Amino acid sequence: MSRLFGPVFQIAYVVEDVEAAIAHWTGTLGVGPFVRFPVPLAAEWLEVRGKRVPADEDIFAAVAIAYSGDSMIELIQPGSAPSPYREFLAAGRAGVHHLGTFADDYDAQVAAARAAGITVAMEGVLPISRFAYLDTDALWPGTMVEIIEAKPEMHDYFGAIRAAARDWDGKTPTVEL
């Protein structure tokens with residue numbers, strides 16, 4: 001658990017091919033089923049590296065999540081637009097991109113990160129949450145931290161995905177909720 005950013009509940013991977021990643025996670029690791037997010041995300045607003053981008057910008061080609069116990073596995077295939085995900089792959093990296101945390105006090109936590117010299121790589125508002133990717137990776141190579149201010153609808157949706165994982169028979173790699 002991070003004392004600064006809250007408990008980690010999500011491990012997010014940036015991948016070149018989300019379908020291949022789903023096949024690996026479900027077939028090889030036995031984690032699933034995955035739920036695909038609709039893309040483009042219905043963002044109220046998005047900023048990448050401090051620059052406002054159109055809400056329908058091609059940031060994501062595909063996003064899918066599943067649970068392994070209480071840990072969310074998120075798979076992100078970047079779209080063609082500039083993003084922290086595209087930067088990650090362009091740098092020749094693979095694997096864990098960021099760790100997701102639920103904010104206790106989003107504004108205070110983002111302000112504290114900025115005061116500590118941590119920049120915000122991407123920030124936005126979705127219908128069910130507000131989020132900021134903290135570029136902790138720039139200070140110590142490894143992973144970013146995503147702070148999420150979740151609305152009750154997000155917790156309900158994630159709970160339904162967690163329940164699908166508990167009840168999963170291992171046969172269908174993806175489901176719709």
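# Exercises on a predicted model

S5 (60-68), S6 (71-78), strand S8 (120-126), strand S9 (129-134), strand S10 (144-150) and helix H4 (152-166) each give two or more residues to the lining of the largest pocket. Helices (H or I, at least four residues) and strands (E, at least two) are DSSP runs, numbered from the N terminus. The model is predicted, so local features need pLDDT of at least 70 and side-chain atom pairs pLDDT 80 or more, while totals for chains, interfaces and linings use all residues. Residues are numbered from 1 along each chain as its sequence is written, and side-chain values use heavy atoms, without hydrogens and water.

## Exercise 1

Describe the largest pocket by its volume and its lining.

Solution.
1. The volume is about 390 Å³.
2. The lining has 25 residues, and Phe 37, Leu 41, Leu 126, Ile 128 and Met 154 are those nearest the centre.
3. By class, 21 lining residues are nonpolar (Ala, Val, Leu, Ile, Met, Phe, Trp, Tyr, Cys and Pro), two are polar and two are charged (Asp, Glu, Lys and Arg); the others, Gly among them, count as polar.

## Exercise 2

Determine which residues of helix H1 (residues 18-28) are buried and how they are arranged.

Solution.
1. Val 18, Ala 21, Ile 22, Trp 25 and Thr 26 are buried. Buried means under 20% relative accessible area, exposed over 50%, partly exposed in between (1.4 Å probe, protein chains only).
2. Viewed along the axis of H1, these buried residues lie within an arc of 120°, so they line one face of the helix. The arc is that of the directions from the helix axis to the C-beta atoms.
3. An α-helix has 3.6 residues a turn, so residues three or four places apart point the same way.
4. Gly 27 and Thr 28, on the other side of H1, are exposed.
5. The cover over the buried residues includes strands S1 (8-14), S2 (35-36), S5 and S6.

## Exercise 3

Find where Arg 93 lies and which residues Arg 93 touches.

Solution.
1. Arg 93 sits in the loop between helix H2 (84-90) and strand S7 (95-102).
2. Its relative accessibility is 29%, hence partly exposed.
3. Leaving out residues up to four places away in sequence, Arg 93 is in contact (heavy atoms within 4.5 Å) with Phe 88, Asp 137 and Gly 142.
4. The C-alpha atoms of Arg 93 and Val 14 are 8.9 Å apart, although 79 residues separate them along the chain.

Notes
On a 1 Å grid over the protein atoms alone, a cavity is a set of points where a 1.4 Å probe fits but cannot get out, and a pocket is an open set with protein on both sides within 12 Å along at least five of seven lines; lining residues have an atom within 4 Å of a point. Grid points are joined across faces, edges and corners, and a volume is the space filled by probe spheres set on the points.
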